[in-house]
Number of protein chains: 2
Amino acid sequence: MKNFDTYFKSAFTVDNVIFGFDESDLKILLIKRQEEPYIDHWGLPGYFVLPDEDLNTAARRVLKQLAGLDNVYLEQVKSFGAVDRHPFGRVITVAYYSLVKIADFSPQPDNDVAKEVRWFSVADISKLDLAFDHEEMADVCFETLKRQVRVRPIGFELLPPKFTLTELQHLYEAILETDLDKRNFRKKILSMNLLIDLNEMQAGVAHRPAKLYQFDYEKYQEFLQEGFSFEVKESKRKERPVVTD
Amino acid sequence: MKNFDTYFKSAFTVDNVIFGFDESDLKILLIKRQEEPYIDHWGLPGYFVLPDEDLNTAARRVLKQLAGLDNVYLEQVKSFGAVDRHPFGRVITVAYYSLVKIADFSPQPDNDVAKEVRWFSVADISKLDLAFDHEEMADVCFETLKRQVRVRPIGFELLPPKFTLTELQHLYEAILETDLDKRNFRKKILSMNLLIDLNEMQAGVAHRPAKLYQFDYEKYQEFLQEGFSFEVKESKRKERPVVTD
DNA sequence: GTGGCTAGTGTAAATATTACACTAAATCAG
DNA sequence: CTGATTTAGTGTAATATTTACACTAGCCAC
């Protein structure tokens, strides 16, 4: 048998691009590093995967330890492995994105990796000179989110449990970086039958209060099982009936 | 500074799910392993990433060495890192899919990893008891291909340079696992203006010969730059004209 | 009670998708 | 050379989806 030892000298990490939504603005959670390399730089919350830990488990642990986040929507996006991306040696990293309701979030990093934890507008990320290749990772995850939000109702993960249609529209506008038509947006969203009308109203706003809605997780599960088809549709030509004479 | 040595004891590999298309049948290229672990099992062409090699470079090298393939369409799909997925230690792998014109392919593996190289129908993969978690990887890549083919004209990578519309339709049917309506398919494909009518005919077939077409890479590049939008469309409400009085 | 603000609503036109069946052109067998 | 066999190629009407667009309703603050 050959000697494989030379291959077992690398490490891998997970990095999380954590999206939140706040007042019409899409944000990403960053930490201020207090560990080399890139000490004092802003970067994505990430860390080495432990020897006995699956990738997803590692991503969830890091979310918990570095950002105090639990039980969030999480999805693997892409691995980054440029030879010289890490000064300590060969380290490839698996990028995840996660979606967080900002209101639920109380920044209590339980660790000594992050000095500070803060939300930044997606638009400002490029000004920060992030650690490692984290800027590229944030970009790729944002593009992925943009694509997926058209095809899966994941936007709700970013909103509080009760929300108005206008809030939902602003969220979509922030993610898709475009304006949407109010009437058409409402028509389309409501026609999907994935919202529960709570028969409650916003209170304390200095204008006509909006109705509150809730995402219908149960109905979504049903749809998933039946299998949506969002895009290109197959021919509905019927099977030829079997003739039994 | 902390001691990070414990983390630098893992390895990573790349694995390729290579798709080809042949006579209405979508296929995956597998190798018969002649190395431990899983010696004599069929598996995906994959190998360790070298210490000074980027991930994509590694994927291309492996394509070349294990399958004799050069210059093919390649896309990273997902990383797999279950703790016990490799008997030699902690190994995570990055799965790629690639698209190959079977006609171009002359199986000349330049290596001692693969004993044999062969195309298998996608439908038969599950009967083969593939090495490692390669079956899951093949499944995930197939799903990814299915999704992407609706949204990008990558199907052409699987066909010879000159093809008929019927061949193209069969390809889509194989990937999407469905039947398509001939007239509607042609209408849609031709309306995209991405095909060049070669004014040539099939020859030597025992029926009315079909016209041959070619994919228009140049026009596709133009489209990409202008930016397609296949799916949800944004509001076309015009900007309010600037009033300069 | 007025002004400022956001919520909420319908319709017609344009576009895209779907279902569907016959004729055309080549080879082959006799 | 004729007819059988096979696949290529084509148009239209019905339906569904998407788009553009503007006014009234209801709350608060002053």
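Modeller: A residue is called buried here if 20 or more other C-beta atoms lie within 10 Å of its own. The model is a predicted one. The part to look at is strand β6 of chain B, residues 91-100, which is mostly covered: 10 of its 10 residues are buried.

The two faces of the strand come next. In a regular strand the side chains alternate between the two faces of the sheet. In β6(B), Val91(B), Thr93(B), Ala95(B), Tyr97(B) and Leu99(B) point one way. Ile92(B), Val94(B), Tyr96(B), Ser98(B) and Val100(B) point the other way, and the residues of both sets are buried.

Now the neighbours in the sheet. β6(B) pairs with strand β1 of chain B, residues 11-22, in the parallel sense, over 10 bridges. Within β6(B), Val100(B) has Gly20(B) standing opposite. β6(B) is also joined to strand β5 of chain B, residues 73-80, by 7 bridges, and these two strands run antiparallel. Ala95(B), one of the buried residues of β6(B), is the bridge partner of Lys78(B).

Elsewhere in chain B, two helices meet. The axes of α3(B), residues 165-176, and α4(B), residues 182-191, come within 11 Å and cross at roughly 100 degrees. Sorted by class, the contact has 4 nonpolar, 1 polar and 2 charged residues.

Chain B also touches chain A. The contact takes 37 residues from chain B and 38 residues from chain A. On the chain A side, β1 (11-22), β5 (73-80) and β6 (91-100) each supply at least two residues. β5(A) gives the most, with 3 residues. The side of chain A that touches chain B has 17 nonpolar, 8 polar and 13 charged residues.

As for chain A as a whole, its secondary structure comes to 5 helices and 9 strands. Along the sequence these follow the pattern β-β-β-β-α-β-β-β-α-α-α-β-β-α. Of the 245 residues of chain A, 32% count as buried. Among contacts in chain A between residues at least 6 apart in sequence, 66% join residues at least 24 apart.

Technical notes
Residues numbered from 1 in each chain as written. Chains lettered and ligands numbered in written order. Predicted model: local features only at pLDDT ≥ 70, side-chain atom pairs only at ≥ 80, totals over all residues. Contact = placed C-beta atoms within 7 Å. Helix = DSSP H or I, 4+ residues; strand = E, 2+ residues; numbered from the N terminus. Nonpolar A, V, L, I, M, F, W, Y, C, P; charged D, E, K, R; others polar. Axes fitted to C-alpha atoms, helices over the stretch in contact; angles between N-to-C directions. Buried ≥ 20, exposed ≤ 12 C-beta atoms within 10 Å, placed from the backbone. Pairing = 2+ DSSP bridges.
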